[in-house]
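This report describes one structure, region by region. The sequence and the coordinates come first.

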Amino acid sequence: MGQIQLNQVSKSFGPVEVIPPLDLTIEDGEFVVFVGPSGCGKSTLLRLIAGLEDVSGGHVLIDGRDATEIVPAKRGLAMVFQSYALYPHMSVRKNIAFPLRMAGLDKAEQDKRVTQAAEVLNLTDYLERRPGQLSGGQRQRVAIGRAIVREPAAFLFDEPLSNLDAALRVGMRLEISELHKRLKTTMIYVTHDQVEAMTMADKIVVLQAGVIEQVGSPLELYQRPRNTFVAGFIGSPK
Ligand code: ADP
Ligand code: MG
């Protein structure tokens, strides 16, 4: 896929405007992190891109096409939820294959894609287990596997590591970064964790109360924070 472009995108819930009109461009293959304190609108922004929420104003353009013309399932975007969104009664294999079964892919193609995803994620030996028989990190990998098999044009992650313990989080951060290097697929990653943002992103989007405070590489934000909010949040010296 090419670009994802937000043109004057805004969102209100009833009378409350949680995202005033904003512009943002995400290039093909970028690893973009939306970072900001809880309640600043990160998830809402991701859901607008995914088409899980309708914009109140403006346009989301995917490859130059208005996203409202493309049903969410056809946007080629895969949302990665926290691992507790797995089906506990299904094997790992069935959990990963689930979106493919829903899409009606034939069994041979399902098996091929599940085998490939399992190899990438080191889950080959765990395919017949249930999620309850896996570690937290393995469960998170299954959740990522369920996105990979769809061969999406972009992955959308919403705080995927927030229910893992600190040590596991560090490992999973590296794994997701490796996955990005390997697949070279656009990833949009939402977190309130500055360290995750600084270590994983090509481009960081700092949000406060629905407003983009700054967009830049980790180094740019560190060396040239635009204001005291960014400086304070990123931990740089301004
Ligand atoms: P974040 O993910 O950064 O923590 P959210 O995008 O979840 O923030 O929320 C941004 C703001 O929008 C918050 O004030 C939240 O209460 C509000 N909000 C989010 N979803 C809804 C909804 N469905 N109805 C009403 N308000 C909502
Ligand atoms: Mg959120």
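The model is a predicted one, in which local features need pLDDT of at least 70 and side-chain atom pairs count only at pLDDT 80 or more, while totals for chains, interfaces and linings use all residues. Residues are numbered from 1 along each chain as its sequence is written, and chains are lettered from A and ligands numbered from 1 in the order in which they are written.

The largest nonpolar core has 60 residues, and Val-33, Phe-34, Ile-49, Val-80, Leu-156 and Ile-188 touch the most other members. Such a core is a set of buried Ala, Val, Leu, Ile, Met, Phe, Trp, Tyr and Cys residues joined through C-beta atoms within 7 Å. A residue is buried if 20 or more other C-beta atoms lie within 10 Å of its own, exposed if 12 or fewer, and partly exposed in between, with C-beta atoms placed from the backbone.

Strands (E, at least two residues) and helices (H or I, at least four) are DSSP runs, numbered from the N terminus. Thr-186, Ile-188 and Val-190 point one way from strand 8, and Met-187, Tyr-189 and Thr-191 point the other way.

Strand 8 pairs in the parallel sense with strand 3 (residues 31-35) over five bridges, where pairing requires that DSSP finds at least two bridges between two strands. In this pair, Phe-31 stands opposite Met-187. Strand 7 (residues 154-158) also pairs with strand 8 in the parallel sense, over five bridges, and Asp-158 stands opposite Val-190.

Four strands form an open antiparallel sheet in the order 2-1-4-5. Strand 2 (16-26) and strand 5 (65-66) are at the edges with a single partner strand each, so one side of each has no neighbour in the sheet. Strand 1 (residues 4-13) pairs with strand 2 over seven bridges in the antiparallel sense, and the bridge partner of Ile-4 in strand 2 is Ile-26.

## Around ligand 1

The residues surrounding ligand 1 are Phe-13, Val-18, Gly-36, Ser-38, Gly-39, Cys-40, Gly-41, Lys-42, Ser-43 and Thr-44, each with its C-beta atom, placed from the backbone, within 6 Å of the ligand. Helix 1 (residues 42-50) gives the largest share of this shell, three residues.
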